[in-house]
Amino acid sequence: MAPLLEIIDLRASVGDKPILKGVDLVVNRGEVHAIMGPNGSGKSTLVQAISGHPAYTITGGSIRFDGVDIGEIPPEERAQAGIFLAFQYPVEIPGVTNAYFLRAAYNEMRKARGLEEMDPIDFIDLLEEKLKLVEWGPEIMRRAVNAGFSGGEKKRNEILQMAVLEPKLALLDETDSGLDIDALRIVAKGVNALKRPDNAYVVVTHYQRLLDHIIPDIVHVLADGQLIKTGGKELAFELEARGYEWLTGTPERV
Amino acid sequence: MTESVESLVNRDYKWGFVTDIEADQIPAGLDEDVVRLISAKKGEPPFLLEWRLKAYRGWLKMTEPHWANIKYSPIDYQGMVYYAAPRTKAPLGSLDDVDPKIRETYDKLGIPLTEQKILSGVAVDAVFDSVSVGTTYRRQLGEMGIIFCSFSEAVREYPDLIQRYLGSVVPASDNFFAALNSAVFSDGSFVYVPKGVRCPMDLSTYFRINAQNTGQFERTLIVADEGSYVSYLEGCTAPKRDENQLHAAVVELVAMAGATIKYSTVQNWYAGDEDGKGGIYNFVTKRGKCAGAGAKISWTQVETGSAITWKYPSVILQGDNSIGEFYSVAVTNACQQADTGTKMIHIGRNTKSTVVSKGISAGRGQNSYRGQVKVMPRADGARNYTQCDSMLIGNRCGAHTFPYIDVQNRTAAVEHEASTSKIGEDQIFYLKQRGLNTENAISMIVNGFCKEVFRELPMEFAVEAQKLLGISLEGSVG
Amino acid sequence: MIEHYLREYEVAAADGGATAPGWFRSLQADAIELFRASGFPGPKDEEWRFTPIAPLVRATFRPAGSATPVGLTDLEPFLFGRLDWPRLVLVDGRFSPELSQLPSIAGLAIANLASVVKSGDGDLASDLAEASGRTVTPFASLNAALGMDGTVLRLASDSVMEEPVHLVHVTTPGSDGTVTHPRLLVVIGERARAQVIESYVGLGSEGCYWTNVVCDVRLSRGAWVEHTRIQRESESAYHTGVTEIRQEADSHYRSFSFAIGGAIARHDLRSRLGGSGAEALLYGLYFGRGDQLVDNHTTIFHDQPDCRSWEVYKGILTDRAHGVFNGKIIVQPIAQKTDAKQTNRALLLSDTAKIDTKPQLEIFADDVKCTHGATVGNLDPLARFYLTSRGIPDRVAGELLTYAFAAEVLNEISAEPVRTVLDRLIHGRLASDRLEAHDAR
């Protein structure tokens, strides 16, 4: 079986500015990968490019998901294929309730798999169980998507969506940023509960803090658009203790 | 996103077909004889002819207003036909006698004129080229004392009511287009709800323009007597034609003490093609009067059609504690222009008004909100809240707001808020990442933006409005 | 009554023709033609719809004649206790060298307009020509046609003025029936920093005269200007003023417009953000009592991308006073990333005061953040109750809340002496309103 995600020599740029300068990455089912690196190294670009963000132009290399080259396919089809991006800055959609939005997204996934749309009543049952995971009551479903949510609520909402959509590959982009310890615990609990042998995670983070809660199998260091080091979870501790300077050779700008 | 705005195409107007039917049409042009002819054709009593003539003479002295933020080529008032009616008009009383071609037209428009097939709980007056061709559910309504019929019929059957209320809210001298309408109006709908009666179903008029080169001048008059309630819906479509057609209607609402009138419009006249050729000039005067204490008038409009929309559904809050509301979604795409809003005139004490306006501009569309909130010196405790939001799609369109606030009472509280936003690429990507395609993503964002207005619409209308919105913005964002 | 002013122009042209240079005379000639064509605005003119200026138009004002002698002691109450600040004083429209104080400051060139016209400042001709072409109201045309004096202030690039310059316009008692047309030109060089205070003062409390000002302000790239305009004319006087601001990239302009005087007072402020990164902050505070008409029209042109404007205007109206506010924001198609916020609020403190307010957005670009808000009303009854429940008498509570309403804008003035004086002025005004209301009862 082909790896779940196989990235070969990926190059991507914003406008004329190259951000990714040849990234190779293989993620197998059941694995948790952490991508660490200094600010501006291209971590967010990598996960956004995997999900097909239009701001990034792929200038070279390939991304294969489940054995299929997805470089040319639109973001909604990547999502339907099972790629989920938990945004660093989840977007507000005023006037659209969380319930309506989630059901619409869920039904798109079902349609893509040739399944019938789920009716609102059954969907409420499904939600009830998922809401427990993020320790929320049903009232959150009546609020507009992320509108007026606190930073922590937005991140919890991302995990709720992930729980409902059950992706094969979840990309968590700085999910720990701006979280207090309680929200971090809830987010991590959600992620761990959703871990299965047939899905995988790529966790992008600047700090080791999140990795205390979500234990990675493999840790990569991304610097200046390239993966410069790969190791086990102990690499994260080393980075925490020593910073990135020993790897990149330049002091990190704050 | 912007590049794809350039390719503004596929604006499919599925209501643009023409019904081939013989029409009773008088020659183009307008003078006193034409006014007399229209009145004679309709067999009107002398008071109405006098009223028309007075309006006509007043109109001659008026000039077409040009203060609105709209541009159009001059209208040739003498080149227009002022009366066109399908020749085989249904005899009153039986819907089965409606001309099959017209019945087919309404079937195609999704408005079947047979009561068995019709959406349950909605009574329809179908107006074809300004002439009412059939009204459903009349008997059931009649049993409750509710009058719902064509305007011509009301003139014959209830002349006293017409004489008392016609022009009582929008006088013939009110403005250029209202004067013109008063002189030449051909038909429309009339509703009277007696004291204390709650109208059990939504009443609705479906306006259809068919004939070519004709002006459309309907008149709607709704009177809700003390403590009564009525919800009224209005829908409009027209064939695709290359020349512009003038639609200058007048709607008058009278709500007595404790009465409520809810008036909803989904306006989808032909908007012209991508280059602005053809389409309806929708120059309409709509006004309601809360004549007694505790009366309530609520306007809800979804304006997606017409080449030009120029209308300001207004409320005169005369009775103490009366309430006026205006909820509006106006979409301008391609070369459409809309200058629309409301007037809330607070005269009585503790009167309240709420204005929620959502303007969406795409393509080269120009969308203006023009509103006035006026608090007269005796309107102690008057309250107004206005919210006026614009959404822009692409950078060749425009959004404008002209809110006039005129307060002459210290105890009044008037609040106005306005904002402008665009559909963000980040919003679209977020929704796409959750599996929605672009079209669904935009429709979801736009419907969210308009939510406060849609929730004021009756259910079937709301669904229709959401669909229309999707269609009218099709191709505006890639 | 435009004939009166056309005749006056003919007379002035015949008199002064000999001394003024040709370019100046031709500017005046152009301006009078503009005025002849437009006449005075009427109620059908959208920009003047709520501003009944008939009394002003009906009257015929003659040019201000020889001034009543004014000494520094007469002026002192209006100088914020800072006699040391540089100042240029116009008395009844004419430059007063005795009362002015123009120290030499590095980079600063300041002089009265008449002398600059005579001596022939190289840029003045083109600066004025350009400016008079941009001014828009008939009053501005009249100013350009009949204006005799004013101020020309230039600050060289990279110069920094430590203290504000005060431009004082005084009308003396006994000036009934006269008009002055002060003309101001302020040009600030690149990265230079300036503070300008512009005052209009009526020395007699009841004079029925007319001040008709035009002020042009230009900010070069990166310039920084704080501009305070204080209108304290007699309450029987007429005041019409146009301020035109043009900003280049990365410049910062901050305006505070204070209006308390005038039977009819109209101020048009037009700010053009003509370079990316420019920023305009406009604050306004106005008071009306008796039969005063106070009108503020502001227009902000977002002509270029990435500019920011922020506007807050507040008015307090009592008796039969009539307030008018019109705030336009126009965002051109290329002005993406515009950030514009406008707020206007009015307090009506009597049954007969009224306000016409019209915030207006015209937006032709899609990636913008534009909001405006308007509120009209009385003091918050809850806040009032809260204060009285703490033992504060109701009328004091009302005064306190009214003051708080004004103070929010007043605090935006950075020059402390000015703030203090205006603060006292507001307190005095509120107290006298209260006493009058008390007497009436």
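This is a predicted model: local features need pLDDT of at least 70, side-chain atom pairs count only at pLDDT 80 or more; totals for chains, interfaces and linings use all residues.
The pairing belongs to the contact of chain C with chain B, in which 30 residues of chain C meet 28 residues of chain B. On the chain C side, the elements that give two or more residues are strand S20 (354–363) and strand S21 (369–377), and of these S20(C) gives the most, with ten residues. Sorted by class, the side of chain C that touches chain B consists of 14 nonpolar, nine polar and seven charged residues.

Chain B also touches chain A, and here the contact takes 16 residues from chain B and 21 residues from chain A. Helices rather than strands are the elements to look for on the chain B side, where helix H9 (425–433) and helix H10 (438–449) each supply at least two residues. The largest share of that side, seven residues, comes from H9(B), and the side as a whole has six nonpolar, five polar and five charged residues.

Within chain C, the assignment gives domain 1 (2–273) and domain 2 (380–441), whose centres, taken over C-alpha atoms, are separated by 32 Å. The two domains of chain C do meet, with eleven residues of domain 1 in contact with ten residues of domain 2. On the domain 1 side, strand S9 (193–202), strand S11 (224–232) and strand S13 (252–259) of chain C are the elements that give two or more residues to this contact, and by class that side holds six nonpolar, three polar and two charged residues.

Helix H2 (residues 22–38) and helix H7 (residues 138–146) of chain C pack at an angle of about 150 degrees, and their axes are 7 Å apart. Angles over 145 degrees count as roughly antiparallel, and therefore H2(C) is roughly antiparallel to H7(C). The crossing in which H2(C) passes H7(C) is left-handed. From H2(C), the residues that meet H7(C) include C:Leu27, C:Ala31, C:Ile32 and C:Phe35, while those of H7(C) include C:Pro138, C:Leu142 and C:Ala145. Taken by class, the contact of H2(C) with H7(C) has nine nonpolar and three polar residues, and no charged residues.

In chain A, the eye can turn to an open sheet of six strands, which follow the order S6-S9-S10-S3-S11-S12 with mixed pairing. Strand S6 (83–86) and strand S12 (226–231) stand at the edges of this sheet, each with a single partner strand, so that one side of each is left without a neighbour in the sheet. On average, and with direction ignored, neighbouring strands are turned by 20 degrees against each other. Helix H1 (residues 43–51) of chain A lies across strand S3 (32–36), S6, strand S9 (169–173), strand S10 (200–205) and S11 of chain A, and runs at about 145 degrees to S9(A).

Key: Residues are numbered from 1 along each chain as its sequence is written. Chains are lettered from A and ligands numbered from 1 in the order in which they are written. Two residues are in contact if their C-beta atoms, placed from the backbone, lie within 7 Å. Helices (H or I, at least four residues) and strands (E, at least two) are DSSP runs, numbered from the N terminus. Ala, Val, Leu, Ile, Met, Phe, Trp, Tyr, Cys and Pro count as nonpolar, Asp, Glu, Lys and Arg as charged, and the others, Gly among them, as polar. Domain bounds come from an automatic or database domain assignment. Axes are lines fitted to C-alpha atoms, for helices over the stretch in contact, and angles run from 0 to 180 degrees between N-to-C directions. Angles under 35 degrees count as roughly parallel, over 145 as roughly antiparallel, 65 to 115 as roughly perpendicular and the rest as oblique. A crossing is left-handed if the near helix is turned anticlockwise from the far one by less than a right angle, and right-handed if clockwise. Two strands pair if DSSP finds at least two bridges between them.
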